[in-house]
Amino acid sequence: MKQRGFSLIELMITVAIVGILAAVALPSYSEYVKRTRQEDCKVCAAQILTAQTEYFTEYKTYKDAADNDAIAADLGIACVKDDAIKDYYDFKAKANNGTVIITATANDAKAPDYEDFFIDSDGGKSTNWND
């Protein structure tokens with residue numbers, strides 16, 4: 001008689017292999033997503049700084065923006081509304097004595113292990129990320 005289907009041992013081995021692969025792949029994927037979001041944050045902060053520089057060129061002052069909505073409305077920066085960033089980072093632009101500091105603060109509820117990022121109009125930046 002010809003055997004049909006799989007034996008229980010074959011199914012258990014397959015489940016074990018899939019479990020091992022998932023245990024290795026999931027943390028790697030999560031770390032990849034985290035790094036990607038952090039890089040998107042840096043790019044968005046640079047776009048905000050560029051818009052601030054253009055604003056300064058025209059009006060000889062920087063524009064304060066208290067949150068993502070103000071940045072999107074006042075400076076026309078759409079990246080703060082991007083799904084990859086908006087739930088994970090809160091951006092702020094603070095004008096101070098002829099300079100502006102762009103702050104990207106990680107949302108503790110959705111991104112508890114993400115780092116904050118700061119960049120200013122003098123070229124300074126600060127983060128704990130590996131550049």
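Colleague: Buried means under 20% relative accessible area, exposed over 50%, and partly exposed in between (1.4 Å probe, protein chains only). With that in hand, is glutamine 52 buried or exposed?

Modeller: Glutamine 52 is buried, at a relative accessible area of 0%. This is a predicted model, where local features need pLDDT of at least 70, side-chain atom pairs count only at pLDDT 80 or more, and totals for chains, interfaces and linings use all residues. Residues are numbered from 1 along each chain as its sequence is written, and side-chain values use heavy atoms, leaving out hydrogens and water.

Colleague: Thanks! Which residues does glutamine 52 touch?

Modeller: Leaving aside residues up to four places away in sequence, glutamine 52 touches Tyr62, Lys63, Leu75, Ala93, Val100 and Ile102. Contact here means heavy atoms within 4.5 Å.

Colleague: And where is glutamine 52 placed?

Modeller: Glutamine 52 lies in helix α1, residues 8-59. Helices (H or I, at least four residues) and strands (E, at least two) are DSSP runs, numbered from the N terminus.

Colleague: What do the buried residues of α1 pack against?

Modeller: They pack against α2 (68-75), α3 (83-86), β1, β2 and β3.

Colleague: Switching to the strands: why is β2 largely enclosed?

Modeller: Six of the eight residues of β2 (residues 99-106) are buried, so the rest of the structure largely encloses this strand.

Colleague: Which strands does β2 run antiparallel to?

Modeller: β2 pairs with β1 (residues 89-96) over eight antiparallel bridges, and four bridges join β2 to antiparallel β3 (residues 117-120). Two strands pair if DSSP finds at least two bridges between them. Isoleucine 102, one of the residues touching glutamine 52, stands opposite isoleucine 119 in β3.
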